[in-house]
Amino acid sequence: MKNAARAAAMGGLLLSGACAAPFQTAMDPQAPLSDRIQHLVDANREYPRWADFPAAPTDVPAPGVIATRVAGLDQTGQAVSQAAAAIDWTFVDDPDAWAATVRGRVAGARTSLATARTAAEVEAFAQSLRERAEPPPPIDPRQ
């Protein structure tokens with residue numbers, strides 16, 4: 001019984017010493033930045049203070065209001081999901097007929113002059129822009 005009490009006391013002393021050891025740091029006085037580090041530690045020893053923390057918010061809604069808003073969002077999400085599920089996402093049974101109608105709509109649409117250009121015209125225009133973008137030759141510093 002006495003040995004158990006002694007072991008518990010020794011364990012307590014060892015634990016208390018281990019807890020206190022990390023807070024007792026020794027600074028090497030020969031280190032080049034030791035004075036600067038110690039000055040910074042001493043200057044900020046009081047930081048942070050409770051006065052430096054922001055005040056608690058006062059305009060927080062009550063838990064019941066938050067629960068009502070979440071339930072409303074859940075209902076809206078379910079309504080959107082049901083509306084999306086009701087959409088017929090498949091194309092017409094005959095893809096060739098569907099493609100022909102799309103081609104007809106595109107052919108009937110008016111195109112601008114820029115889109116009516118051929119690939120060769122577009123490439124020639126791009127080449128002219130590349131030529132304009134070349135920098136002038138360097139100036140000879142001896143002149």
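Modeller: Happy to! The chain exposes about 13700 Å², and carbon and sulfur atoms supply 63% of that area; accessible areas here come from the Shrake-Rupley method with a 1.4 Å probe, and for residues only the protein chains shown count as cover. Please keep in mind that this is a predicted model, where local features need pLDDT of at least 70, side-chain atom pairs count only at pLDDT 80 or more, and totals for chains, interfaces and linings use all residues. Residues are numbered from 1 along each chain as its sequence is written, and side-chain values use heavy atoms, with hydrogens and water left out.

First, the setting. The chain has five helices and zero strands, running α-α-α-α-α from the N terminus on. Both kinds of element are DSSP runs numbered from the N terminus: helices are H or I with at least four residues, strands E with at least two. Of the 143 residues, 1% are buried, where buried means under 20% relative accessible area, exposed over 50% and partly exposed in between (1.4 Å probe, protein chains only).

Now to the part you asked about. The structure holds one aromatic pair. Tryptophan 50 and phenylalanine 53 form this pair, with 5.3 Å centre to centre and 40° between the planes, so the pair is tilted. The rule takes rings of Phe, Tyr and Trp (its six-membered ring) with centres within 6.5 Å; planes under 30 degrees apart count as stacked, over 60 as edge-to-face and the rest as tilted. Tryptophan 50 counts as exposed because its relative accessibility is 76%, while phenylalanine 53, at 43%, counts as partly exposed.

In the numbering, charged partners sit alongside. The side chains of arginine 49 and aspartate 52 meet in a salt bridge at 3.1 Å, N to O, the term meaning a side-chain nitrogen of Lys or Arg within 4 Å of a carboxyl oxygen of Asp or Glu. Arginine 49 is partly exposed at 47%, and so is aspartate 52 at 39%. The count comes to two salt bridges; glutamate 123 and arginine 130 form one of them, at 3.5 Å, N to O. Glutamate 123 is partly exposed at 45% relative accessibility, and arginine 130 is partly exposed at 43%.
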